[in-house]
Amino acid sequence: MNKRIKFICLIFCIAYFVPTNEIAFASPNDTPPSIEEMFTQVGYKSAEEAVKEFENHFEQDVKLPKIKPSIPFTHQFGRFYEDKDYDTNDFLSIHFVNEKSRENNYKVDIRPLKNKITFKDKGNQKVYTLENGQKAIYMADAPLMNFLVFEKDNWQYMLGIDKKVSNKVTPEILVDIANSI
């Protein structure tokens, strides 16, 4: 019986991946969605709206960095993620992107300290000290982005930069950004 199931799966895979002579119909007017459409389809809105939702939810003001990386961005989006099931994973995410240079991707995630993410001391981590004496952990072993994680004013901040531009946006620049809060 096991051989029969394997044989049926093999036949299915072959039949599924064999090219056919079917024609795909596309209109010459079909255009890919704009970057605004892509982000709004997954729940993003203006950063200002998302920050307001976040602050209203926690009944506390949040401070954003006053500076951002010196690479060019064309758009800024925000999203407040509300964990309605467990109320432990609520956070704010602000994304800066460049429509023409997809690697120019930077984000700021903020969550309350009571629900902070704890990072084990492993992998490629380096500790920096911020101007206020707080420690910040720089992590370079995530798949797509490098992160600087630190705590300030009852919030945990995670600054993320696309690995493809990490030679332009160094950990020291992320520390400067953290110090601007």
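Biologist: Why is Asp153 called partly exposed?

Modeller: Its relative accessible area is 40%. Buried means under 20%, exposed over 50%, and partly exposed in between, with a 1.4 Å probe and protein chains only. A value of 40% falls in between, so Asp153 is partly exposed. The model is predicted, so local features need pLDDT of at least 70 and side-chain atom pairs count only at pLDDT 80 or more, while totals for chains, interfaces and linings use all residues. Residues are numbered from 1 along each chain as its sequence is written, and side-chain values use heavy atoms, leaving out hydrogens and water.

Biologist: What makes Asn154 count as exposed?

Modeller: Asn154 has 52% relative accessibility, and exposed means over 50%. Asn154 lies in the loop between strand 6 and strand 7, which is also the place of Asp153. Asp153 has a positive phi of about 50° without being a glycine; for Asn154, likewise not a glycine, the positive phi is about 65°.

Biologist: How do you know that Ile177 is buried?

Modeller: The relative accessible area of Ile177 is 0%, and the limit for buried is under 20%. Ile177 sits in helix 4. Helices are DSSP runs of H or I with at least four residues, strands are E runs of at least two, and both are numbered from the N terminus.

Biologist: Which residues does Ile177 touch, not counting those up to four places away in sequence?

Modeller: Ile177 touches Pro65, Ile67, Lys68, Pro69, Tyr106 and Leu159, where contact means heavy atoms within 4.5 Å. Pro65 is 112 residues from Ile177 along the chain, yet their C-alpha atoms are separated by 6.0 Å.

Biologist: What makes a set of residues a nonpolar core?

Modeller: The members are buried Ala, Val, Leu, Ile, Met, Phe, Trp, Tyr and Cys residues, joined through side-chain atoms within 4.5 Å. The largest such core here has 33 residues, of which Tyr106, Leu148, Phe150, Leu159 and Leu174 touch the most other members. Its largest share, 5 residues, comes from helix 3.

Biologist: What is the strand order of the open sheet?

Modeller: The order of its 7 strands is 1-2-3-7-6-5-4, with antiparallel pairing.

Biologist: Why are strand 1 and strand 4 called edge strands?

Modeller: Each pairs on one side only, and two strands pair if DSSP finds at least two bridges between them. Strand 1 has 7 bridges to strand 2, and strand 4 has 5 to strand 5. Both counts meet the limit of at least two, so both are pairs.
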